[in-house]
2 protein chains.
Amino acid sequence: MAKQQQSAVQPTREEDFPEWYQQVVRAADLAENSETRGCMVIKPWGYGIWENIQQQLDTRLKETGHQNAYFPLLIPLSYLEKEAEHAEGFATECAVVTHHRLEVEKDEEGKSRMVPTGKLAEPYVIRPTSETIIGAAFSRWVESYRDLPLLINQWANVMRWEMRPRLFLRTAEFLWQEGHTAHETKEEALKETRTIHMLYAEFLREHLAIPVIAGEKTEAERFPGADMTLTVEAMVQDKKAIQAGTSHYLGTNFSEAEDISFAGRDGTKQFAHTTSWGVSTRLIGTLIMAHSDDDGLILPPRVAPSQIIIIPVTPKEATRDAVVDACQALAKVLRLEVLFGNQPVRVHVDNRDIGGGVKKWEWVKKGAPIRIEIGPRDLESNKVCLQRRDRAPNEKEFIPKEDFIRNTSEILQEIHNNLLTKATELRDENITECTDMETFDTHWATDQPGWLMTPWSGSREQEEEISKKHKITIRCLPLDQQEKSPTACILTGETTSCRAIWGRSY
Amino acid sequence: MAKQQQSAVQPTREEDFPEWYQQVVRAADLAENSETRGCMVIKPWGYGIWENIQQQLDTRLKETGHQNAYFPLLIPLSYLEKEAEHAEGFATECAVVTHHRLEVEKDEEGKSRMVPTGKLAEPYVIRPTSETIIGAAFSRWVESYRDLPLLINQWANVMRWEMRPRLFLRTAEFLWQEGHTAHETKEEALKETRTIHMLYAEFLREHLAIPVIAGEKTEAERFPGADMTLTVEAMVQDKKAIQAGTSHYLGTNFSEAEDISFAGRDGTKQFAHTTSWGVSTRLIGTLIMAHSDDDGLILPPRVAPSQIIIIPVTPKEATRDAVVDACQALAKVLRLEVLFGNQPVRVHVDNRDIGGGVKKWEWVKKGAPIRIEIGPRDLESNKVCLQRRDRAPNEKEFIPKEDFIRNTSEILQEIHNNLLTKATELRDENITECTDMETFDTHWATDQPGWLMTPWSGSREQEEEISKKHKITIRCLPLDQQEKSPTACILTGETTSCRAIWGRSY
């Protein structure tokens, strides 16, 4: 009992979910705040998750014909001004570069200080997103319909001056990928927007074990400058929504503003139809809130920096070397022989000279999917002690080493499936269909209210009024619910076949 | 002849080396300038080279025990001020963020403009390098000697406001890796500095086919704030030097300024010995200048985005499908069966509907190591037409397909070796030992002078005087030349066993 108290994360999810989240991040050593306002330091275990997300998603994006490129960090102010709606959408959160050098100056007390000099004729903003600067490049690259489509992706840092930052979920600087494509026709651009939308939904399900609701944003919630925004929305354990990825059809709004024009098949000048889409380090916050428990982080196996931790148990000096050798040998075999999701399995032997209990709990809190202990007796019996992060921390299973090697991939897949099932159950139990306004209004007064799905034909103004009243938003109009039998809109009473999902969000 | 003129890059290296470089970059579609001053757009073929460098070097860094992490883009001014020498070294090239929002304002003519508002109490600089902000994190992370060593690497963008930017070689924003480590003792830190120095030298040789001179910088050329800077210097075809990578021993300069202190084995407070080291997208500029010819880019096979281009030759519609199928089938076999440097070989089938000559020359100019043509007759004979970028553009070899598959890896290695041999010959033919000042002085008046190696015991001031006079620098004190038999310093006449290499540089 004392051990439990010492080891588990405090507080529990039920006691204080936001504080529990902070403590999980800290206990797993994923990231920390820095003195740069709203910016985080991503520590090796946290960055390892991002590297896996990046590598696995990158493979999918390349398979679907996209190429990576890199565009400038700084955007001339005049670029941002070109698309008014877009500019206004980001204006309040732009970091602005106004000077290009520093000079040493002495203050009244004779102390040296650095002061900005070299004022720029035109200030730059640090990219909050890159539609404008990539659009300017596309404008140079496209002359004829033969130059289309352009299918470009960028892995980069971006900056949005957030007033209430929260590690991973909302930080001033974050890492992401942003796809930008240009097409000859509206149909092709729409197809691209949807392809990526589905790719994101599948990536979250298959790689992060997160089931999402895939849908369209209403006009009020669209990306500034977009004609259509598709979103994947995840429900986390306090039943709030997290917008985990978005895919935008931008029409010809940006191409007209930036002259991404081309000579069409009939020789006339036409404007390209463009799209943009992205996911970010926010995915890490999402997976933490979706899966972790009161003992700490639980990592979906595909993105865990180490999937298997092998811990030598060495009570006596005499058998120490033999045990450590056996651990290293097992690690070697696993790395060579076991594939999980087309990749070699990632194994770490924790050979540090610290107490076994402390060590074990460290890996529990770090969310490693599988822990394997090997002690002197296991050497004799040729068994290993298997512990899984999707089971109770003290649950152990002694299995023949050969069986473990043969079944490693299956066990990892099973852990993935268990996380996905649990998250799917949570989601499905907490989306309720609602057709009358009274039930709707009272619902949001409860603690951690789930999502409501309602028939909806209201206007933007009506949506915004309801949103403000209950501190909720329409998360999306779920794609698989849009052809339902017509019924009365919950607000206007008009007959509609459209369904909206409402909820609180991060 | 007309074809040649149309296809090759203009001007030649001999006519105008700097302009030739720009044209190679353009003809290979690697990168272009943007409207953000001094910042480049890295296009897919150029970014593909960087992705390979990044992935291959990252593997080496992880094998040597380093972990990746990520630190904020913006550095508080006060951090930079902590280490005076460091701060002064970068002050003149810092981009400064002074505001965090924009507001729309109407000018006299009623036109909307965005103006910076939300002035920051303390400005930030965009990282020109991250010693200070990573040092602040290390200070939080280290308490005891047990927390050491810290072996951290970051892949990131950095910004230095360059007055004379040049694509890849010197740009305001560039991409790099920066390693930062902290150690208990001076010996360990020096060992780390040297380990990385040798790793860089090997990486350039084995992955970029560039032979370097590995040596130490003199005090005048050291990194601002370092006690020792080790460098790898590459000679390119106009005999200028490019500093391709550096590894710094920082002593306790940064740890004292930022309090990276720890309780030592004897319980006393001690300061960590730190190192930092990096290579950047400059490596791309270096490999272009080292290997390319008057026909355009020549890529070292290990980092070529595509190592083999397969071009279907389809003179008749009737055999078209069969030829294309054969090309795709060959690509598939190569991808599955051929490893080059532990990685599956990278193959691209260029099936575009454009003229064969245009297509071929495009890949010549893009520097693809191997081109394979397959036409209807080759199907019958079961041969392929092999063309290599390290041979004349019109040199062809018809070889049995099976032989090609079996020998692919060997051919790629041969191309690598040929590039390395050629670059090594150039380097060795253009480093001359020089022991008298008269010869030294006249040497620099020649066109594209090579490097001179001299006995050297001069002071910093004497070095700077010579450097200024001839627009040269001491590139390094080459490590393998420091135990030479004592002889008279070229300037002072004092007996010295130290040798210095002088040259012009980018």
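Start with the place where the two chains meet: select chain A and chain B, and you'll find 49 residues from chain A and 49 residues from chain B in the contact (two residues count if their C-beta atoms, placed from the backbone, lie within 7 Å). Keep in mind that this is a predicted model, where local features need pLDDT of at least 70, side-chain atom pairs count only at pLDDT 80 or more, and totals for chains, interfaces and linings use all residues. Residues are numbered from 1 along each chain as its sequence is written, and chains are lettered from A in the order in which they are written.

Now color chain A's side by class: 31 nonpolar, nine polar and nine charged residues touch chain B. Here Ala, Val, Leu, Ile, Met, Phe, Trp, Tyr, Cys and Pro are nonpolar, Asp, Glu, Lys and Arg charged, and the others, Gly among them, polar.

Which residue is the bridge partner of His99(A)? Click on Val96(B).

Last stop: select helix 10 (residues 317-337) and helix 13 (residues 401-429) of chain A. Their axes come within 10 Å and cross at roughly 30 degrees (lines fitted to C-alpha atoms over the stretch in contact, with angles from 0 to 180 degrees between N-to-C directions). That makes helix 10 of chain A roughly parallel to helix 13 of chain A, the term for angles under 35 degrees. Show Leu330(A), Val333(A), Leu334(A) and Glu337(A) on helix 10, with Lys401(A), Ile405(A) and Thr408(A) on helix 13, to see the residues that make this contact.

How values were computed:
Pairing = 2+ DSSP bridges. Helix = DSSP H or I, 4+ residues; strand = E, 2+ residues; numbered from the N terminus. Parallel < 35°, antiparallel > 145°, perpendicular 65-115°, else oblique.
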